[in-house]
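Please keep the sequence and the structure open beside the text while you read.

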Amino acid sequence: MSVNEKYELRGINHLALVCADMQRTIDFYSGVLGMPLIKTIELPNDMGQHFFFDCGNGDTIAFFWLVDAPDGVPGISAPAGLPGEEELNSATGSMNHVAFAVPPEKFDEYYAKFKEEGIKVSFVLNHDDSPMGVTRHPHDGTFVRSFYFQDPDGALLEFACWTKTFTEADVVHEPRTAADRKVPVAR
């Protein structure tokens, strides 16, 4: 049985995003990131297309190209830029970012490769439980290492690797509610 006792979940089947230009999306996800394009669909009534890319372990990331899709709005549809440079905010119901799991032993190599290829990336974030939540250098308290970049439509992406196994001691915060938000809650 999976970790989830209610349903036997096996990971992410696919995450569906929306792009402005399917060819540019193929060039980035297959050409730059090396994800094979594994399925293409023409939607009925000339609505658009739905294409799927293999992102490892049987998981896929999919894109809709919709003939009537409005342009995204940075800071609402997705964060305005890379962590540490721009605002991390995005609207409720939006997708903030997609993190792809990479092997810890290849993390630094991948970061260097992105920089060599001229892809704009954030600095490496070593996520920990410090007051800022990140440090510049990994240490025993680092639980995930990551760096961020954007796709051609501005979707925020991340390469991340876990560096420790979590225990019950890692679940210590009380969840916030809609009443805790600083903006008026829509009814």
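In helix α1, the buried residues (under 20% relative accessible area, with exposed over 50% and partly exposed in between, for a 1.4 Å probe and protein chains only) are Met22, Thr25, Ile26, Phe28 and Tyr29. The model is predicted, so that local features need pLDDT of at least 70 and side-chain atom pairs count only at pLDDT 80 or more, whereas totals for chains, interfaces and linings use all residues. Residues are numbered from 1 along each chain as its sequence is written, and side-chain values use heavy atoms, with hydrogens and water left out.

**The ends of α1**
- Helices (H or I, at least four residues) and strands (E, at least two) are DSSP runs numbered from the N terminus.
- At the start of α1, a side-chain oxygen of Asp21 comes to within 3.1 Å of the backbone nitrogen of Gln23.
- Gly34, which follows α1, has a positive phi, near 75 degrees.

**The largest nonpolar core**
- A nonpolar core is a set of buried Ala, Val, Leu, Ile, Met, Phe, Trp, Tyr and Cys residues joined through side-chain atoms within 4.5 Å.
- The largest one has 26 residues, of which Tyr29, Leu33, Ile61 and Phe149 touch the most other members.
- The largest share of this core, four residues, is supplied by α1.
- Leaving aside residues up to four places away in sequence, Leu33 touches (heavy atoms within 4.5 Å) Phe28, Phe114, Phe149, Leu157 and Phe159.

**Asn126**
- Asn126 lies in strand β6 (residues 125-127) and is buried, with a relative accessible area of 0%.

Definitions and conventions. A polar contact is a pair of N or O atoms within 3.5 Å; within protein, one must be able to donate a hydrogen and the other to accept it, and residues adjacent in sequence count only if both atoms are side-chain atoms.
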